[in-house]
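Dear colleague,

Please find below the structure that I am handing over to you, followed by an account of what was found in it.

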Amino acid sequence: MSHTNTQPTEERQTKVSHVLVTQSKPADDKSPYFDLADKYNITIDFRPFIQIQGVSYKEFRKQKINILEHTAIIFTSRNAIDHFFRICLEARIDVPADMKYFCISEQTANYLQKYIVIRKRKIFSGTKTARELFDLIRKHKTEKFLFPCSNIRSNDIPDFMDTGGLHLSEAVMYETVATDLSDLDVTNFDLIAFFSPSGVSSLMTNFPDFKQNGIRLAAFGPTTAKAIMEAGLTLDIEAPLPNAPSMTGALDLYIRKANNI
């Protein structure tokens with residue numbers, strides 16, 4: 001757990017009764033968030049702090065990228081797949097049947113069937129992270145790779161491709177932007193959980209005069225934790241933890257202690 005505030009830790013261990021999760025409400029009634037709410041008799045609200053906007057075809061053309069000059073595509077998310085095929089449709093591009101697809105996970109690879117018959121295509125997938133794709137990519141060094149991405153993205157793939165001397169074109173096809181939160185009173189919450197640096201940025205964009213006071217902040221992942229601290233805020237909960245690999249697990253441990261249960 002990290003602390004950057006000057007307030008005594010005890011003052012930040014007061015009871016938690018109202019939590020805000022900066023993501024969409026889970027569609028599954030069996031979500032661990034609902035179990036957490038029942039377990040501690042607390043209220044958990046959900047509100048996405050960021051949203052995805054597609055880059056217009058006109059804006060995409062300014063990048064001067066010829067999709068058909070590439071022989072392989074790297075997909076790291078469903079958003080990337082959706083907006084790649086949207087751009088192709090708007091550009092009236094038929095993606096060649098021999099195009100190769102490198103997907104960050106099997107789940108992402110399976111999502112391709114929304115647009116193509118996957119059993120007839122050359123699809124390669126890792127299991128979880130970009131690094132697991134690298135061995136696959138190394139075996140196809142002569143390909144010309146296209147990387148559909150957001151305006152905000154990790155450096156893992158570009159850095160790897162550059163170091164290996166591999167051909168890569170980055171194509172910004174969608175943008176991560178702050179959601180309008182003008183109707184939200186963040187002071188109503190005892191604890192707010194963040195999952196990306198963009199979510200933290202959205203908080204500060206929507207509420208430039210935000211005072212944290214006794215509001216506890218949770219972060220999933222080191223980059224999110226860093227964003228909270230760089231914003232001059234106090235980080236109270238950092239997930240994942242060795243004994244709590246999920247955000248709900250980390251919240252469970254914290255709320256149990258704060259609520260003296």
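I begin with isoleucine 123, which, leaving out residues up to four places away in sequence, touches Tyr101, Cys103, Ala109, Leu112, Ile116 and Ile118. Please bear in mind throughout that this is a predicted model. Isoleucine 123 belongs to strand E6, which covers residues 122-125. With a relative accessibility of 26%, isoleucine 123 counts as partly exposed. Its C-alpha atom is separated by 22 Å from that of valine 172, a residue 49 positions away along the chain.

Overall composition

The protein chain contains nine helices and eleven strands. Its C-alpha trace spans about 60 × 35 × 35 Å along the principal axes. Of the 261 residues in the protein chain, 45% are buried. Among contacts in the protein chain with a separation of 6 or more, 67% are between residues 24 or more positions apart.

Serine 105 and tyrosine 111

Two residues in the region of helix H4 deserve a description of their own. Serine 105 is located in the loop that runs between strand E5 (100-103) and helix H4 (106-111). Serine 105 has a relative accessibility of 11% and therefore counts as buried, the limit being under 20%. The side chain of serine 105 forms a polar contact of 3.0 Å with the side chain of threonine 108. Beyond four places in sequence, serine 105 touches Ser125, Gly126 and Thr127.

Tyrosine 111 is placed in helix H4 itself. Its relative accessible area is 16%, so tyrosine 111 is likewise buried. Once neighbours within four places in sequence are set aside, tyrosine 111 is in contact with Arg78, Ile81 and Asp82. For one of these residues, isoleucine 81, a C-alpha separation from tyrosine 111 was also computed: the value is 8.0 Å, and the two residues are 30 apart along the chain.

On the side of H1, the contact is made by Pro32, Tyr33, Leu36, Lys39 and Tyr40, and on the side of H9 by Met247, Thr248, Leu251, Asp252, Ile255 and Arg256. Sorted by class, this contact of H1 with H9 has seven nonpolar residues, one polar residue and three charged residues.

The crossing of H5 and H6 is right-handed. Phe134, Ile137 and Arg138 of H5 make the contact with Asp156, Ile157, Phe160 and Met161 of H6. The class count for the contact of H5 with H6 is five nonpolar, no polar and two charged residues.

Backbone details

Which bond joins alanine 239 and proline 240? The two are joined by a cis peptide bond, with omega at about 0°.

Lysine 64 lies in the loop between helix H2 (57-61) and strand E4 (72-75). The relative accessible area of lysine 64 is 77%, and this residue is exposed. Arginine 92 has its place in the loop between helix H3 (78-90) and E5. Arginine 92 is exposed as well, because its relative accessible area of 78% is over the 50% limit.

With kind regards

Conventions: Residues numbered from 1 in each chain as written. Predicted model: local features only at pLDDT ≥ 70, side-chain atom pairs only at ≥ 80, totals over all residues. Heavy atoms only, no water. Left-handed = near helix turned anticlockwise from the far one by under 90°. Helix = DSSP H or I, 4+ residues; strand = E, 2+ residues; numbered from the N terminus. Contact = heavy atoms within 4.5 Å. Nonpolar A, V, L, I, M, F, W, Y, C, P; charged D, E, K, R; others polar. Buried < 20%, exposed > 50% of the residue type's maximum accessible area, 1.4 Å probe, protein only. Polar contact = N/O pair within 3.5 Å; in protein donor to acceptor, adjacent residues only side chain to side chain.
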